[in-house]
Amino acid sequence: MDDEYLNLNKLETFNEIANESNLKILENNQLSTLEYNVILKNIENMAREYLNDLEHEFKSRSTLGKIKLLTLSYADVSYKSKGAELGSYSYNRIQVDDRLNDSDVISTLIHELSHHLFDEIFEQILMYVWEIEKSDALEAYVSFTLGTNAVFILMNEYCAHSVEGRFIPHGYQNYGSFNKILTEEFDLKKDSEAIFFALILGNSIADDIIHILENFIDDNLRREIRQVYKDDYSAPPSYDQILLEKKEILDDETKVSQMHMMLMSGIALAKNKESAEVFSTIKDGFISNNS
Ligand SMILES: [Zn+2]
């Protein structure tokens, strides 16, 4: 991000990342909104560079093929043939069930890609603040921070459903996994503040991811997606889930500051042996998927 040449470090262990000195650096270096927007632009450019080389192939692909190519510019995609879940995301790898019809594969790919980009944004913030390269350990650290806090998990899920909902036809929106986490892990009354926080920040980050993806899923491609839904579904859409969509988002300043707090909370959590073990399991996941 800097013009001058930087010889960047790679942090490889939990202790190299989650220590007092890094905590101090993070504490004192909250991103400006300008820096945050540069990070979003860089993430957009990852897909742009990947797809530029494949311009002809992209155009000649089916609608699903185009969405798959876009997804591949950020993460691995593989297929599964068992289990109730439509798809899943872990350690830079997206899995989709191969028994779904095209429209459901499309929405699942966009949903899981959003989970990936959610993590990617936080990774890029830390890489920028600590002036380090991406490593398995850094990715594991972000996964650990975002994945061991129920509020962050709820936020991530709301974000993914909102991004997915943006690109599929009106009336097919689905907040299934969000609702599941909400009812299983939260008390609607007691936790109302935490839930509200998760929704608003999740929606704000969703808005950033939507802006990145709109560069590639343009009006034409969205029209194609609508057609795929028409071909797949004879049943009319149902509108009860779309009521979960939110318009409200945070201003950039507040959003960046809350994301900063989320990253700080990971370090505070990371101080015991149990955390070190969770971290090491996550890191093994990244090592095996990244190689
Ligand atoms: Zn999800």
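At least two residues of the second largest pocket's lining come from each of α8, α10 and α11 (219-232). Helices here are DSSP runs of H or I, at least four residues, numbered from the N terminus. The model is predicted: local features need pLDDT of at least 70, side-chain atom pairs count only at pLDDT 80 or more, and totals for chains, interfaces and linings use all residues. Residues are numbered from 1 along each chain as its sequence is written, and side-chain values use heavy atoms, without hydrogens and water.

**Exercise 1.** Find the buried residues of helix α9 and say why they lie on the same side.

*Solution.* 
- Step 1. Take α9, residues 176-185. F178, I181 and L182 are buried (under 20% relative accessible area; 1.4 Å probe, protein chains only).
- Step 2. They cover an arc of only 100 degrees around the axis, taken from the directions from the axis to the C-beta atoms, so they share one side of α9.
- Step 3. Recall the rule: an α-helix has 3.6 residues a turn, so residues three or four places apart point the same way.
- Step 4. Turn to the other side of α9. There, T183 and E184 are exposed (over 50%).
- Step 5. Look for partners. The buried residues of α9 pack against α8 (150-167) and α10 (192-214).

**Exercise 2.** Describe the lining of the second largest pocket by residue and by class.

*Solution.* 
- Step 1. Count the lining: 20 residues.
- Step 2. Go to the centre. S162, G165, R166, I210 and E245 lie nearest.
- Step 3. Sort by class: eight are nonpolar, five polar and seven charged.

How values were computed. Contact means heavy atoms within 4.5 Å. On a 1 Å grid over the protein atoms alone, a cavity is a set of points where a 1.4 Å probe fits but cannot get out, and a pocket is an open set with protein on both sides within 12 Å along at least five of seven lines; lining residues have an atom within 4 Å of a point. Ala, Val, Leu, Ile, Met, Phe, Trp, Tyr, Cys and Pro count as nonpolar, Asp, Glu, Lys and Arg as charged, and the others, Gly among them, as polar.
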